[in-house]
Amino acid sequence: MTDVQTLIDGSDFDVHYQPVLDLRTNKAFAYEALVRAHPPEFKNPLVLIDAALREGLMGVLGRAIRRKAVDDCRDLPLFLNIHPNEFEEGWLVRPDDPIFEHEHPVYLEITEGVPLSHFSLCHEVLQELRGKGMCLAVDDLGAGYSNLKYIADLNPEMVKLDRDLITGLTIGSRLHTLVTKIVDLCTALGAKVVAEGIETDEELAAVRATGCHYGQGYLIARPAFPPPRPRLVGLEPPTLH
Ligand code: C2E
Ligand code: MG
Ligand code: MG
């Protein structure tokens, strides 16, 4: 049984990348970094993150993941998942954080499913990060806590709609009306929208019809290393270096 410190010390993990497709240009807009630990007990990233939190190592783990992502993707815009704990502990504002070396846009994804416990403190950290050129993305909108107020408060550049809203989406359904209105609402609040978890052609067509800007999901590409090209037939491949 590996512990998280041993995993970090031994760099016993990879980072896989999943393209975020620009639905207007059909090109990869950016890549989301997703941790892939080698020890089988940490195969599920959420199990790894829970263990890191229990051991007080979320900040150290998050930084090690960002180090790898920035090194792997020198020429690509990145979406990086950040646990609220990392904001609360001030990890992201250390001047030597790898994100500040990245020469392309960085979107910091904050999952809506985990409430920020010290919101005002985080607000200051987030404003500081903004001032340093970082973009914010609210992850998993529509899963668990449906906290739309979060979007008004955080003023993110990007909102990611959870797979729950996308699975089985068909044009003309009530769910489609709901998703279209959420896209309109986010747009009115100044955020672009990513639909996550697109698995079928029908879901992709329905997502396009909502006016959503970006899409992500197994249909387009599974997370992989090296960063995979979007694989839809008829799509122009992105420029990879
Ligand atoms: P998330 O940030 O919402 O990431 C999306 C998850 O959905 C990923 O699971 C991805 O592999 C999966 N996914 C993408 N497209 C599809 C699809 O079409 N169908 C289905 N069924 N799934 C799809 P993964 O990699 O297991 O990560 C789960 C969660 O763990 C992430 O959810 C994120 O909250 C967290 N996580 C993953 N990597 C990191 C990390 O490096 N740092 C932090 N703080 N959290 C991470
Ligand atoms: Mg995410
Ligand atoms: Mg998500």
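The legends below describe close-up views of a predicted model.

Local features need pLDDT of at least 70 and side-chain atom pairs count only at pLDDT 80 or more, while totals for chains, interfaces and linings use all residues; side-chain values use heavy atoms, with hydrogens and water left out. Residues are numbered from 1 along each chain as its sequence is written, and chains are lettered from A and ligands numbered from 1 in the order in which they are written.

View 1. Donors are N, O and S atoms within 2.8 Å of the metal (3.2 Å for Na, K and Ca); water is not among the atoms, so sites may look incomplete. E32 in strand β2 (residues 27-37) and D139 in strand β5 are 107 residues apart, so the pair links distant parts of the chain; strands (E, at least two residues) and helices (H or I, at least four) are DSSP runs, numbered from the N terminus. E32 has a relative accessible area of 4% and is buried, and D139 counts as buried at 5%. Buried means under 20% relative accessible area, exposed over 50%, and partly exposed in between (1.4 Å probe, protein chains only).

View 2. D140 lies in strand β5 (residues 135-141) and E196 in the loop between β7 (192-195) and α9 (201-210), a pair 56 residues apart that links distant parts of the chain. D140 and E196 are both buried. The two magnesium ions (ligand 2 and ligand 3) lie 4.0 Å apart, with D139 as the bridge.

**View 3. The aromatic pairs Y17 with F225 and F79 with Y107.** Rings of Phe, Tyr and Trp (its six-membered ring) pair if their centres lie within 6.5 Å; planes under 30 degrees apart count as stacked, over 60 as edge-to-face and the rest as tilted. By this rule there are 5 aromatic pairs. The ring centres of Y17 and F225 are 6.3 Å apart and the planes stand at 50 degrees, so this pair is tilted. Y17 lies in strand β1 (residues 13-22) and F225 in the segment after β8 (214-215), so the pair ties together parts 208 residues apart in sequence. Y17 is buried at 0% relative accessibility, whereas F225 is partly exposed at 48%. F79 and Y107 are stacked, with 4.6 Å centre to centre and 10 degrees between the planes. F79 in strand β3 (residues 78-82) and Y107 in strand β4 (residues 106-111) are 28 residues apart, and both are buried. F29, F79, Y107 and Y214 form one aromatic cluster.

**View 4. Charged groups over the rings of W91 and F100.** A charge sits over a ring if NZ of Lys or CZ of Arg is within 6 Å of the ring centre and within 35 degrees of the ring normal. R94 lies over the face of W91, 4.1 Å from the ring centre. The charged end of K132 is over the ring of F100, at 4.8 Å from its centre.
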